[in-house]
Amino acid sequence: MGSLKTLSGGLLLGLCLTLLGWGAEGQWDGHPKEISGSGPINLGQQQRGTWWPLMQTRENLTEVKSIKSMFQFRTFDPEGVVFYGDTREGEDWFVLILRNGLPEMQIGKADILVSVQGGPKLNDGKWHLVEISSQGDFVVLEVDGQKALVVGLKSKETMEVLTGQIRLALGGILVSVDKLFLPFQPEMDGCIQKGNWLNLSTPWETELIGEPWPCYQNIQPGSYFPGAGLAAFNTTDLPGHQTEEGGITIDIHGDSTKMEGTVLSLNTPGQELPTVTVKINNNPKKVILTILKSDAITEQSFSRLSLTLLKNQVNMDIDDTHLTFEIDSIPDFPRSWKEGMILAFGGLPGDGVSYSSIQYLKGCLEKIQVQGQDVDLDRALYKDLSVSSHSCPSEV
């Protein structure tokens, strides 16, 4: 097709075309390995930081003959980066994200920034065919064969032949965060398959350590802990700062018969032992609530477990069973919560980032709530790379 132009059509054709690039504000560090761009690709396994792409590629613009990219996409995650592309080493760029489950496109060219959101919600756990194309001065996003977004962008800059390379990236961006029109949570727990990126055959590169994660045939909403790590929050970042009398309530939903290990732990700064832990052992079947050094054991499974933390008292509800524990030596939980404790899901936090692997949870927490509000593990103070925030493998 003739030479590409720096007009919006060139940027679109170049950048929005679709994804992956080279080093964000530089080049690769380390030794990348080649990976197929046709998938399946699990976007939830970034290992260099939240904004760094999972995989990327680059190609000379003279080799770009198509202005269309398409792929199948599946997620339960409401927010995160799907793909990115740029030309002129990031001077002109494009990114497709989800926000509140809706597709959003942000485009930057010279001093122009555009952000448009709309179309169908994509975080329903189903496979959707996504297509991005450049049509003159417009970028068009189609979902399942229907137009979802159309973005027009016209520059007053003098049209010139666009030379150099196009950079494409999945699961991250290659420009500084401060260039974005609107900030967003970058992590994306989702899968891509059957990708065709501008009809290019250029290999992609990744810095993944070990084998890529699979894209499971069936998934369900929830947070999946494979027995290798945890997610931890400072309680000052969680709900619960307005209530003293009613205490703090933590709800866990899931099938306890398919869990093993530490479900949650609550730690007070300066204390060697966790203040509260909940563990599940399925051989034999039991749920163990530990408050400091005192254990309370129940031999029943659950689909919902609720802890209510009061002053010198802990209530535990397992489905329809109610248990109350009063210990003078435990802290005033509402006050300690406001001052700052460490609430971990999936394990026992140690000193710094040292954690005991024998205590890690293996299983799916279908829903986590604090004070009735959903907890998003992507917003944790620390989350191990092995933990999937929004999806679990499912048998059905």
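Let's start at D237. This residue sits in the loop that links β17 (231–234) to β18 (248–253). Keep in mind that the model is predicted. Is D237 buried or exposed? The relative accessibility is 56%, so D237 counts as exposed. Now look across the chain. D237 and A380 are 143 residues apart in sequence. In space, their C-alpha atoms are 8.8 Å apart.

Next, the sheet. There is an open sheet of 8 strands, and the pairing is antiparallel. In what order do the strands run? Read across: β1-β14-β3-β12-β5-β6-β7-β8. The edges are β1 (33–35) and β8 (112–117), and each of these pairs on one side only. From one strand to the next, the twist averages 20 degrees.

A quick reminder on pairing. Strands of a sheet pair through backbone hydrogen bonds, in either a parallel or an antiparallel sense.

Strand β7, residues 102–109, pairs with β8 over 6 bridges. That pairing is antiparallel. To find one of the bridges on screen, take G108: its bridge partner in β8 is L113.

Now to strand β13, residues 190–197. How many of its 8 residues are buried? The count is 6, so the strand is mostly covered. Two partners to point out. One is β2, residues 41–42, which pairs antiparallel with β13 over 2 bridges. There, N42 stands opposite C191. The other is β4, joined to β13 by 6 bridges and also antiparallel. In that pairing, S69 stands opposite W197.

That brings us to R74. This arginine is in β4, residues 68–75. R74 is buried, yet it has no salt bridge. Where is the nearest side chain of opposite charge? That is D189, and it is 8.0 Å away.

What does the R74 side chain have instead? A polar atom of that side chain lies 3.3 Å from the backbone oxygen of Q217.

Then the surroundings. Leave aside neighbours within four places in sequence. R74 is in contact with G125, K126 and W127, then with G190 and C191, and then with C215, Y216, Q217 and I219. Two names on that list have come up already. C191 is the residue opposite N42, and Q217 supplies the backbone oxygen at 3.3 Å.

How values were computed:
Residues are numbered from 1 along each chain as its sequence is written. This is a predicted model: local features need pLDDT of at least 70, side-chain atom pairs count only at pLDDT 80 or more; totals for chains, interfaces and linings use all residues. Side-chain values use heavy atoms; hydrogens and water are left out. Helices (H or I, at least four residues) and strands (E, at least two) are DSSP runs, numbered from the N terminus. Buried means under 20% relative accessible area, exposed over 50%, partly exposed in between (1.4 Å probe, protein chains only). Two strands pair if DSSP finds at least two bridges between them. Axes are lines fitted to C-alpha atoms, for helices over the stretch in contact, and angles run from 0 to 180 degrees between N-to-C directions. Lys and Arg count as positive and Asp and Glu as negative; His and the chain ends are not counted. A salt bridge is a side-chain nitrogen of Lys or Arg within 4 Å of a carboxyl oxygen of Asp or Glu. A polar contact is a pair of N or O atoms within 3.5 Å; within protein, one must be able to donate a hydrogen and the other to accept it, and residues adjacent in sequence count only if both atoms are side-chain atoms. Contact means heavy atoms within 4.5 Å.
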